[in-house]
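Morning, everyone. Please look at the model on the screen while I talk.

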Amino acid sequence: MQIVVSSGGNTLDAAVSPVFGRCAVFLFVDTETMEVRAVPNPAMGASGGAGIQAAELVIREGAGAVLSGNLGPNAMRVIEGAGVPFYAVAGGTVRAAVEAFRAGTLAPQSGPTVPTDFGKGAPGGRGAGGGRGAGGGRGRRGA
(Lines give C-alpha, C1' and ligand atoms only; values in the text may rest on other atoms or scores of the structure.)
Protein backbone atom coordinates (compact mmCIF):
# COMPACT_ATOMS: atom_id res chain seq x y z
CA MET A 1 0.00 0.00 0.00
CA GLN A 2 1.18 3.50 -0.76
CA ILE A 3 0.69 5.99 2.07
CA VAL A 4 1.65 9.66 2.30
CA VAL A 5 3.27 11.44 5.22
CA SER A 6 3.53 15.24 5.54
CA SER A 7 7.19 15.94 6.11
CA GLY A 8 9.85 18.54 6.63
CA GLY A 9 12.39 16.68 4.47
CA ASN A 10 12.98 14.16 1.72
CA THR A 11 13.90 11.01 3.65
CA LEU A 12 12.40 8.52 6.08
CA ASP A 13 14.51 10.12 8.81
CA ALA A 14 12.90 13.56 8.30
CA ALA A 15 10.46 14.86 10.90
CA VAL A 16 6.72 14.45 10.41
CA SER A 17 5.31 17.91 9.74
CA PRO A 18 2.84 19.24 12.31
CA VAL A 19 0.86 20.75 9.41
CA PHE A 20 -0.55 19.13 6.30
CA GLY A 21 -1.49 21.82 3.76
CA ARG A 22 1.65 23.87 4.28
CA CYS A 23 4.22 21.13 4.86
CA ALA A 24 7.41 21.27 2.78
CA VAL A 25 7.26 17.80 1.26
CA PHE A 26 4.91 14.85 0.93
CA LEU A 27 6.66 11.50 1.26
CA PHE A 28 4.86 8.69 -0.51
CA VAL A 29 5.96 5.44 1.11
CA ASP A 30 5.33 1.89 -0.07
CA THR A 31 4.50 0.13 3.20
CA GLU A 32 5.81 -3.23 1.94
CA THR A 33 9.19 -2.12 0.55
CA MET A 34 9.65 1.19 2.44
CA GLU A 35 10.52 2.77 -0.91
CA VAL A 36 10.08 6.56 -0.75
CA ARG A 37 9.06 9.13 -3.33
CA ALA A 38 9.35 12.79 -2.28
CA VAL A 39 6.91 15.27 -3.81
CA PRO A 40 7.44 18.96 -2.96
CA ASN A 41 4.22 20.61 -1.78
CA PRO A 42 3.31 23.34 -4.29
CA ALA A 43 0.59 24.61 -1.89
CA MET A 44 3.09 25.37 0.88
CA GLY A 45 3.16 29.10 0.11
CA ALA A 46 -0.40 29.47 -1.18
CA SER A 47 -2.23 32.56 0.04
CA GLY A 48 -5.36 30.47 0.57
CA GLY A 49 -6.76 27.00 -0.02
CA ALA A 50 -3.49 25.22 0.81
CA GLY A 51 -5.22 22.32 2.57
CA ILE A 52 -7.56 21.66 -0.32
CA GLN A 53 -4.77 21.91 -2.91
CA ALA A 54 -2.51 19.62 -0.89
CA ALA A 55 -5.30 17.07 -0.34
CA GLU A 56 -6.13 17.03 -4.05
CA LEU A 57 -2.44 16.46 -4.83
CA VAL A 58 -2.04 13.48 -2.49
CA ILE A 59 -5.26 11.90 -3.78
CA ARG A 60 -4.16 12.43 -7.39
CA GLU A 61 -0.78 10.83 -6.56
CA GLY A 62 -2.50 7.71 -5.23
CA ALA A 63 -2.30 7.90 -1.43
CA GLY A 64 -4.08 5.02 0.27
CA ALA A 65 -3.79 6.70 3.68
CA VAL A 66 -2.63 10.10 4.99
CA LEU A 67 -0.37 10.53 8.03
CA SER A 68 0.26 14.04 9.37
CA GLY A 69 0.65 15.97 12.58
CA ASN A 70 -2.67 17.69 11.93
CA LEU A 71 -5.34 18.04 9.27
CA GLY A 72 -7.78 20.94 8.95
CA PRO A 73 -11.47 20.74 8.03
CA ASN A 74 -11.11 21.66 4.34
CA ALA A 75 -8.40 19.09 3.67
CA MET A 76 -10.33 16.53 5.74
CA ARG A 77 -13.42 16.96 3.53
CA VAL A 78 -11.35 16.23 0.41
CA ILE A 79 -9.54 13.27 1.99
CA GLU A 80 -12.77 11.77 3.37
CA GLY A 81 -14.58 12.40 0.09
CA ALA A 82 -12.00 10.26 -1.67
CA GLY A 83 -12.42 7.49 0.90
CA VAL A 84 -8.85 7.84 2.18
CA PRO A 85 -8.29 7.47 5.94
CA PHE A 86 -6.33 10.04 7.96
CA TYR A 87 -4.07 9.16 10.88
CA ALA A 88 -2.77 11.86 13.27
CA VAL A 89 0.89 11.46 14.19
CA ALA A 90 2.31 13.33 17.18
CA GLY A 91 5.85 14.16 16.06
CA GLY A 92 8.76 11.84 15.44
CA THR A 93 10.25 10.73 12.15
CA VAL A 94 8.50 9.63 9.01
CA ARG A 95 10.05 6.17 9.49
CA ALA A 96 8.55 5.86 13.00
CA ALA A 97 5.14 7.01 11.74
CA VAL A 98 5.16 4.47 8.90
CA GLU A 99 6.26 1.71 11.28
CA ALA A 100 3.42 2.62 13.68
CA PHE A 101 0.97 2.50 10.76
CA ARG A 102 2.31 -0.90 9.68
CA ALA A 103 2.04 -2.21 13.25
CA GLY A 104 -1.59 -1.07 13.46
CA THR A 105 -1.00 1.21 16.45
CA LEU A 106 -2.44 4.33 14.79
CA ALA A 107 -6.19 4.91 14.87
CA PRO A 108 -7.97 6.59 11.94
CA GLN A 109 -9.37 10.03 12.78
CA SER A 110 -13.03 10.77 12.17
CA GLY A 111 -12.63 14.54 11.86
CA PRO A 112 -10.14 17.40 11.55
CA THR A 113 -7.61 17.92 14.33
CA VAL A 114 -7.26 21.70 13.95
CA PRO A 115 -9.46 24.64 12.90
CA THR A 116 -9.44 26.27 9.46
CA ASP A 117 -6.24 28.26 8.68
CA PHE A 118 -4.24 26.55 11.45
CA GLY A 119 -0.98 26.42 9.48
CA LYS A 120 -1.16 30.00 8.21
CA GLY A 121 -0.04 31.81 11.34
CA ALA A 122 -1.35 35.18 12.44
CA PRO A 123 -2.69 37.67 9.86
CA GLY A 124 0.17 39.56 8.30
CA GLY A 125 2.62 38.08 10.79
CA ARG A 126 1.72 40.71 13.39
CA GLY A 127 0.49 38.52 16.22
CA ALA A 128 -2.95 37.69 17.53
CA GLY A 129 -4.25 41.24 17.17
CA GLY A 130 -3.57 41.22 13.43
CA GLY A 131 -2.25 44.79 13.67
CA ARG A 132 -5.62 46.10 14.83
CA GLY A 133 -4.47 47.62 18.11
CA ALA A 134 -5.72 44.73 20.22
CA GLY A 135 -3.32 45.73 23.00
CA GLY A 136 -5.65 48.54 24.00
CA GLY A 137 -2.92 51.22 24.15
CA ARG A 138 -2.18 50.69 27.83
CA GLY A 139 1.53 51.32 27.54
CA ARG A 140 2.99 54.38 29.30
CA ARG A 141 5.64 56.71 27.95
CA GLY A 142 8.63 57.56 30.02
CA ALA A 143 7.89 55.01 32.70
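I will go through aromatic pairs, then an arginine, then a proline.

This is a predicted model: local features need pLDDT of at least 70, side-chain atom pairs count only at pLDDT 80 or more, and totals for chains, interfaces and linings use all residues. Residues are numbered from 1 along each chain as its sequence is written, and side-chain values use heavy atoms, with hydrogens and water left out.

Rings first. The structure holds two aromatic pairs. Rings of Phe, Tyr and Trp (its six-membered ring) pair if their centres lie within 6.5 Å; planes under 30 degrees apart are stacked, over 60 edge-to-face, the rest tilted. Phe20 and Phe26 are tilted, 5.2 Å centre to centre, with 55 degrees between the planes. Tyr87 and Phe101 are edge-to-face, at 5.2 Å and 85 degrees. Tyr87 and Phe101 are both buried. Buried means under 20% relative accessible area, exposed over 50%, partly exposed in between (1.4 Å probe, protein chains only).

Next, Arg22. Is Arg22 buried or exposed? Arg22 counts as buried, because its relative accessibility is 18%. Its side chain reaches two backbone oxygens: that of Met44 at 3.2 Å, and that of Ala46 at 2.6 Å.

Last, Pro40. Pro40 counts as exposed, because its relative accessibility is 59%. Which residues does Pro40 touch, not counting those up to four places away in sequence? Ala24, Val25 and Leu57. Touching here is contact, heavy atoms within 4.5 Å. Val25 and Pro40 are 15 residues apart along the chain, yet their C-alpha atoms are separated by 4.4 Å.

Note on methods. A polar contact is a pair of N or O atoms within 3.5 Å; within protein, one must be able to donate a hydrogen and the other to accept it, and residues adjacent in sequence count only if both atoms are side-chain atoms.
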